[in-house]
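I opened this notebook to record what I looked up in the structure, entry by entry.

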Amino acid sequence: MSPAATLMANITSTDETKESDDHDCVASQYQKGVKHLCENYGISKVPKKYVLPESDRPNNAVDQTLLLQLNVITPNLKLPIIDFSELQGSNRSQALKSLAHACQEYGFFQVVNHGISNHVMSNMIDVSKRFFELPFEERFKYMSSDMSAVVRYGTSFNQSKDSVFCWRDFLKLICSHPLSDVLHHWPSSPTDMRRLAATYAKETKNLFLMLVEGILESLELLGTTGTAEEVDELLEQLQDGSQLMVVNCYPPCPEPNLTLGMPPHSDYGFITLLLQDEVQGLQIQYKEKWVTVEPIPNSFVVNVGDHLEIFSNGKYKSVLHRVVVNSANSRISVASLHSFPFNAVVRPSPALINKENPRRYKDTDFASFLTYISSCEPKSKNFLDSRKLL
Ligand SMILES: O=C(O)CCC(=O)C(=O)O
Ligand SMILES: [Fe+2]
């Protein structure tokens, strides 16, 4: 049977014939991504490769309506909103309190009035959409299994390890310091991609640095005697730190209740700045329930990453989040993950360790994270759990 025929048999037939799922030819089709699958096979059912065990599936729409009526689940979640202009202005002390509360209670917040123009944000979404609309051969040029490649196109979460695939294709761009060192590796098509993505990367880096000052102050590390040197060193490290932009594309899915765009995970960096289009899909774990984050136009969703959890000695937690897909719309998001330089040691701040709050995490670095994710199927917060002392 040709790969196309095998795939169609697999999608449309009974469970027994679905066992042929592992057929090499079919498996290689899945490796090419969800967009490729949809564009070439007119998918009307989710192939078995993407079907999650029942316990891992998102609640189906019928359940949701019923549970909402019964008041058992919260509808969409309005994340705490941080008005960046207040953080930089006369209302800073109040804004810092809100920031501390958001990081402690939710691990997530949305930033408005951040100073990055709507134009820069909409250009980034627009050029990302155009990248994923390119012919497959053009996108395929950047497909690589090398986790440290400057540019990497791929699919699912960790496509060489995932037993069940996610309904997601991505483009990862490493943003080094200075950007000119890597820019020529970034996709040359669409022709304005490098220019628009570089502008976006620089502006998010600046915003990240200003947010970090706020976060350090909210941890009461700024302006405290004895910590000035530590804070200066930290800010310097972050200034030269790592930045990874992940452009996610979630094509419409014929059976969205069977699969996920991204499985539950936490982000490994210090913080992530997430830009999403108007299509909702991000869910965070809040009070042991999955709740959908309502997108606010022109805002960023910001979340605490594993490195900030370690640095804050557990005061701020990196929170599990996942992405649900839908049958009507394609969705684009751009996650900008910021952290320390790749070779830096990440450890709890000495100022946040004391008798009542002993050191909770071992030292770590990016290299051990990369080794970890290359060696096992990433699940939830496994990596961070492996760094815990208590
Ligand atoms: O697409 C989203 O909303 C979230 C993406 C995400 O969690 C990530 O890229 O780490
Ligand atoms: Fe994430």
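Entry 1. I began with Glu217 and Arg92, whose side chains meet in a salt bridge at 2.9 Å, N to O. I then looked up where the partners sit: Glu217 belongs to helix 10 (residues 193-218) and Arg92 to helix 7 (residues 92-105), so the pair ties together parts that are 125 residues apart in sequence. Glu217 is partly exposed, with a relative accessible area of 28%. I note for all entries that the model is predicted.

**Entry 2. Helix 7 against helix 10.** On the helix 7 side the contact is made by Arg92, Leu96, Leu99 and Ala100, and on the helix 10 side by Glu213, Gly214, Ile215, Glu217 and Ser218.

Entry 3. I next looked up Arg130 and Asp126, whose side chains form a salt bridge at 3.2 Å, N to O. How far apart are Arg130 and Asp126 in helix 8? They are 4 residues apart in helix 8 (residues 118-132), which means a separation of about one helical turn. Arg130 is partly exposed at 28% relative accessible area, and Asp126 is partly exposed at 36% relative accessibility.

**Entry 4. Helix 8 against helix 10.** I then examined the packing of helix 8 on helix 10. The two pack at an angle of about 135 degrees, with their axes 9 Å apart. Helix 8 and helix 10 are therefore oblique to each other, and helix 8 passes helix 10 in a left-handed crossing. From helix 8 the contact uses Val120, Asn123, Met124, Val127, Arg130 and Phe131; from helix 10 it uses Met193, Leu196, Ala197, Thr199, Tyr200 and Glu203. Arg130 is one of these contact residues and also the partner of Asp126 in the salt bridge of the previous entry.

**Entry 5. Helix 10 against helix 11.** I followed helix 10 to another neighbour, helix 11 (residues 228-239). The axes of helix 10 and helix 11 come within 11 Å and cross at roughly 160 degrees. Angles over 145 degrees count as roughly antiparallel, and helix 10 and helix 11 are therefore roughly antiparallel to each other. Helix 10 passes helix 11 in a right-handed crossing. Here Lys205, Phe208, Leu209, Val212, Glu213 and Leu216 of helix 10 meet Val231, Leu234, Leu235, Leu238 and Gln239 of helix 11.

Entry 6. I returned to the charged pairs and found a count of 9 salt bridges. One of them joins the side chains of Glu138 and Lys141 at 3.0 Å, N to O.

**Entry 7. The iron ion.** Which protein donors does the iron ion (ligand 2) have? I found His265 (NE2), Asp267 (OD) and His321 (NE2), lying 2.1 to 2.2 Å from the ion. Along the chain these donors follow the spacing H-x1-D-x53-H. His265 is buried at 7% relative accessibility, and Asp267 is buried with a relative accessible area of 9%.

**Entry 8. His185.** I looked up His185, which lies in the loop between strand 4 (169-175) and helix 10. His185 is partly exposed at 40% relative accessibility. Leaving aside neighbours within four places in sequence, His185 is in contact with Tyr142, Val150 and Val151. I also took the separation of His185 from Ile116: 69 residues in sequence and 25 Å in space, C-alpha to C-alpha.

**Entry 9. The protein as a whole.** The protein has 14 helices and 12 strands. Of its 390 residues, 51% are buried. Among contacts between residues at least 6 apart in sequence, 77% join residues at least 24 apart.

Key:
Residues are numbered from 1 along each chain as its sequence is written. Chains are lettered from A and ligands numbered from 1 in the order in which they are written. This is a predicted model: local features need pLDDT of at least 70, side-chain atom pairs count only at pLDDT 80 or more; totals for chains, interfaces and linings use all residues. Side-chain values use heavy atoms; hydrogens and water are left out. Donors are N, O and S atoms within 2.8 Å of the metal (3.2 Å for Na, K and Ca); water is not among the atoms, so sites may look incomplete. Buried means under 20% relative accessible area, exposed over 50%, partly exposed in between (1.4 Å probe, protein chains only). A salt bridge is a side-chain nitrogen of Lys or Arg within 4 Å of a carboxyl oxygen of Asp or Glu. Axes are lines fitted to C-alpha atoms, for helices over the stretch in contact, and angles run from 0 to 180 degrees between N-to-C directions. Angles under 35 degrees count as roughly parallel, over 145 as roughly antiparallel, 65 to 115 as roughly perpendicular and the rest as oblique. A crossing is left-handed if the near helix is turned anticlockwise from the far one by less than a right angle, and right-handed if clockwise. Contact means heavy atoms within 4.5 Å.
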